[in-house]
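The entries below follow the order in which I went through the model.

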Amino acid sequence: MIVELDRVTVAYRTVTVLEEVSLKVFRGSFLAVIGPNGAGKTTLLKVILGLVRPVEGTVRVFGRDPRHLGAERRAIGYVPQTAAVDRHFPLRVADVVMMGRYGRIGLVRRPSAADREAARRAMERTGVTHLANSPLGRLSGGQRQRVLLARALACEPELLILDEPAAGVDVPATESLYELLRDLHKDGLTTLLVSHDVGVVAAFVDGVVCLNRRLVAHGRPEEVLGSEELAQMYGCAAVFFHHGRAPHMVVARDECWS
Ligand SMILES: Nc1ncnc2c1ncn2[C@@H]1O[C@H](COP(=O)(O)OP(=O)(O)O)[C@@H](O)[C@H]1O
Ligand SMILES: [Mg+2]
């Protein structure tokens with residue numbers, strides 16, 4: 001087991017945003033946490049990363065308190081939830097990817113041949129090698145997310161954590177991004193992602209957890225996505241149908257998504 005949360009409660013000042021959440025992430029799994037905006041998804045990831053401390057409950061990552069992971073921290077690749085990147089963001093793609101090595105390089109040492117090789121492999125794996133000299137701010141949403149994924153992979157993680165990886169990415173690019181994540185998972189990378197986008201993730205992951213402050217359902221995608229809990233969580237009737245490989249969610253428009 002790589003991650004274990006046991007009855008974790010998190011509050012920001014007096015507001016409880018996670019309540020008694022228990023969750024296990026096993027080595028080799030590909031798990032999606034889904035839930036509406038404000039459900040506590042990003043907070044859950046921050047708990048796992050040791051950035052937010054629970055008021056109750058215990059967290060173990062690689063068997064340790066994530067706030068004291070030390071060198072094991074490098075075994076976690078993190079793709080944070082991105083706001084739109086400034087169009088004038090000055091860093092080149094190759095520099096952004098090399099930032100993924102800082103955990104290993106340290107901030108002062110120059111990148112070694114091994115660092116450069118790891119960054120090169122990460123760019124190749126994510127298909128952004130040809131963009132190496134482009135400024136990050138110049139990229140499409142799909143390209144940008146691949147670069148941020150390359151940065152996370154550059155540290156050669158055992159656990160990959162992604163927060164809304166398809167935000168700002170168009171539909172075809174989203175599909176190919178998830179295909180890439182699925183291939184990385186097949187090659188042995190334990191993957192945990194969060195998304196409010198119920199429909200797309202289901203075709204690619206092998207477990208779904210529904211979160212809305214509490215965990216409301218947990219299981220294989222086909223079990224969870226037809227569930228009463230999910231419909232309640234989104235406050236409307238949710239119907240799935242299969243179109244190609246990806247299940248799509250259809251909802252009554254006025255009641256739900258704007
Ligand atoms: N640093 C913070 N201080 C106070 N409240 C926060 C902070 N971060 C998030 N929140 C609140 O906690 C709740 C859960 O936020 P978040 O974990 O970002 O949800 P999600 O990622 O599912 O949209 C929201 O109501 C949000 O406004
Ligand atoms: Mg979030």
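**Confidence first**

I count two residues as in contact if their C-beta atoms, placed from the backbone, lie within 7 Å. Where pLDDT is low, the predicted coordinates should not be read in detail.

Residues are numbered from 1 along each chain as its sequence is written, and chains are lettered from A and ligands numbered from 1 in the order in which they are written.

**The sheet**

I found nine helices and eleven strands in the protein chain, taking both as DSSP runs numbered from the N terminus (helices H or I, at least four residues; strands E, at least two). Three of the strands form an open antiparallel sheet in the order E2-E1-E4, where two strands pair if DSSP finds at least two bridges between them. Strand E2 (15-25) and strand E4 (56-61) are at the edges with a single partner strand each, so one side of each is left without a neighbour in the sheet. From one strand to the next the twist averages 25 degrees, with axes fitted as lines to C-alpha atoms (for helices over the stretch in contact) and angles running from 0 to 180 degrees between N-to-C directions.

I then followed strand E1 (residues 3-12), which five bridges join to E4, Thr 9 standing opposite Glu 56. Seven bridges join E1 to E2, and there Val 10 stands opposite Leu 18. E1 and E2 form a hairpin with two residues between them, and Arg 13 in the turn has a positive phi of about 50 degrees.

**The helix**

Helix H1 (residues 41-48) lies across E1, E2 and E4, and I noted that it runs at about 120 degrees to E1. A residue is buried if 20 or more other C-beta atoms, placed from the backbone, lie within 10 Å of its own. The buried residues of H1 include Leu 44, Leu 45 and Lys 41. Gly 50, with a positive phi near 80 degrees, follows H1.

Definitions and conventions: This is a predicted model: local features need pLDDT of at least 70, side-chain atom pairs count only at pLDDT 80 or more; totals for chains, interfaces and linings use all residues. A residue is buried if 20 or more other C-beta atoms lie within 10 Å of its own, exposed if 12 or fewer, and partly exposed in between; C-beta atoms are placed from the backbone.
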